[in-house]
Amino acid sequence: MTIKAKIMETDSVTGALNRTGFFHKVRKMLESNPEQDYAIAYFNIQRFKTVNDLFGYEAGDALLKKVAEILANCFLKPLAVGRMEADRFTVFTRKCDMDLERLPELLHRTYNKGELKLDLYGKCGIYYIPRHCSLSVSDMCDRAKLAKSSITNQFVQPYAVFNEQMREDYEQRSIALLHLDDAIQNGEIKVFYQPIYDAWTGKVVLAEALTRWFSCEFGNISPAKFIPILEESGYITKLDSYVYQSVYGFLEKRQREGRRNVDIGVNLSRMDLMDKHIMEKILNDVRTSELPRGSISYELTESAYAGVSEDGNRFLAQMHAAGAKLLVDDFGSGVSSFSTIRDYDFDILKLDMGFVQKIGLNRKNNNIIISLIELAHRLDLKVIAEGVETKEQADFLKNYGCDYFQGYYFAKPMPQEEFEALLDK
Ligand code: C2E
Ligand code: CA
Ligand code: CA
């Protein structure tokens, strides 16, 4: 290699390979020894910025140089070390040298400068390269990086090995964010209704609106997958507005046609309580609607109540004063249960599925349910048990005074037409 080429492939701060250099060298080694099993590890240093902030950029650069040195001489016996960007490094090594058990020791260092001491932690994602792999080295690094991003608690385990599920999850994330608008426009997002039954009469008296995404391009995407992604990014408000409008339109249409309606719960996310437009729209509808007050109830989880802003608080109080029904969802699954019911006015408490599904399996669980139902009634709240799947669960809940049932034992969420047929019966 010429000196010029070497300079072009070297990272001037650390002396490691730069991105181009790393890709180039790894490609060459893969080609020259195709029967060998290799791995790529992708590292980053947590809170590296703190070093720059506390000690200045020069010290930051010196530390990056040190990291490159440590990696080059560590037990991984690297065949190449690269710096991808900022505090992100890659290591190319033989699979047999990828000693996972020793990684935690590599990923924790104490950094001393004068009197100051800083504990630095790293994370590492690993991609085992299959033999004769047709991916570019850049794609291999992306897979290792994806594995790194999947680490939820670095103190439990600071490394993760790539698997295909990670890529599927990542793709679904991108799909949800990139295609939501189109999906709404094209009618791929449907509102399903899950009936809720009166424990005493056995009649459908309420329902919950739940979204379903039937994508022409990507198949069915479960809400458990796309809702958290939309929540993280704030896009959820678009979806919730759409669901809310659909439910409103549905109730209005049936009222116009003189057909029976039941009150319907729509899910609101924490993010909705930060969005002035959706709050104004809903509050205005509650105040001016031709629909009876309380036709739509608003389901918010405990954690949403826990993190509510001042505007959100005002909205909830105004909603309640205007006669809207508020529901606390998944009650008992969070950490704020008692302060939530003390500090907010709402009408219905939805018992978390986790309790319902343990009925008969755990005596403590049974007693908690009995106490929660009593507690709710003392506070003038109705109780919905969610996730009722067996007769035994329903009988137990009915015995202890639960007001409403929602669950597969009675009915699954269904398309609008099916739900209408049920209401018209
Ligand atoms: P959630 O609000 O707690 O809704 C109840 C979930 O439990 C629904 O899952 C429902 O289909 C499921 N379920 C009902 N009965 C049973 C049962 O007997 N057994 C079991 N195992 N599950 C049962 P789904 O529809 O997949 O929705 C998952 C979550 O996604 C919802 O949990 C809610 O948090 C969120 N979600 C769904 N639609 C919307 C929406 O329009 N907006 C917002 N913000 N969130 C939504
Ligand atoms: Ca709900
Ligand atoms: Ca729930």
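This is a predicted model: local features need pLDDT of at least 70, side-chain atom pairs count only at pLDDT 80 or more; totals for chains, interfaces and linings use all residues.
Visitor: Which residues around ligand 1 come nearest?
Guide: Thr 211, Arg 212, Asp 240, Glu 389 and Tyr 408 come nearest, out of 23 residues around ligand 1. A residue is near a molecule if one of its heavy atoms lies within 4 Å of it.

Visitor: What makes the pair between Arg 212 and ligand 1 a polar contact?
Guide: A polar contact is a pair of N or O atoms within 3.5 Å; within protein, one must be able to donate a hydrogen and the other to accept it, and residues adjacent in sequence count only if both atoms are side-chain atoms. A polar side-chain atom of Arg 212 is 2.8 Å from an oxygen atom of ligand 1, so the pair is within the limit. Asp 329 has a polar side-chain atom 3.1 Å from an oxygen atom of ligand 1, and an N or O atom in the side chain of Gln 194 is 3.0 Å from a nitrogen atom of the ligand. These pairs also fall within 3.5 Å and therefore count.

Visitor: How much of ligand 1 does the protein bury?
Guide: The protein buries 84% of the 800 Å² that ligand 1 exposes when taken alone. The areas come from the Shrake-Rupley method with a 1.4 Å probe; for residues, only the protein chains shown count as cover.

Visitor: Which elements supply the shell around ligand 1?
Guide: β8 (204-215), α8 (223-233), α9 (236-256) and β12 (325-331) each supply at least two residues. The largest share, four residues, is from β8. Helices (H or I, at least four residues) and strands (E, at least two) are DSSP runs, numbered from the N terminus.

Visitor: Why is the space taken by ligand 1 called a pocket?
Guide: On a 1 Å grid over the protein atoms alone, a pocket is an open set of points with protein on both sides within 12 Å along at least five of seven lines, whereas a cavity is a set where a 1.4 Å probe fits but cannot get out; lining residues have an atom within 4 Å of a point. A molecule sits in a pocket if more than half of its atoms lie within 2 Å of its grid points. Ligand 1 takes the space of the largest pocket, which holds about 830 Å³. A volume is the space filled by probe spheres set on the points, which are joined across faces, edges and corners.

Visitor: Which residues lie nearest the centre of the largest pocket?
Guide: Glu 208, Leu 210, Pro 223, Asn 267 and Asp 329 do, among 33 lining residues.

Visitor: What lines the second largest pocket?
Guide: The second largest pocket has a volume of about 350 Å³. It has 20 lining residues, with Ile 45, Val 67, Ile 70, Leu 106 and Arg 109 closest to its centre. α4 gives the most, six residues.

Visitor: How many cavities does the search find?
Guide: It finds two of 30 Å³ or more in the whole structure. The largest cavity has about 120 Å³ of space. Val 286, Ser 289, Pro 292, Gly 294 and Tyr 298 are closest to its centre, out of 14 lining residues. The second largest cavity has a volume of about 40 Å³, and its lining includes Ile 196, Leu 206 and Asp 263. β10 gives the largest share of that lining, three residues.

Definitions and conventions. Residues are numbered from 1 along each chain as its sequence is written. Chains are lettered from A and ligands numbered from 1 in the order in which they are written. Side-chain values use heavy atoms; hydrogens and water are left out.
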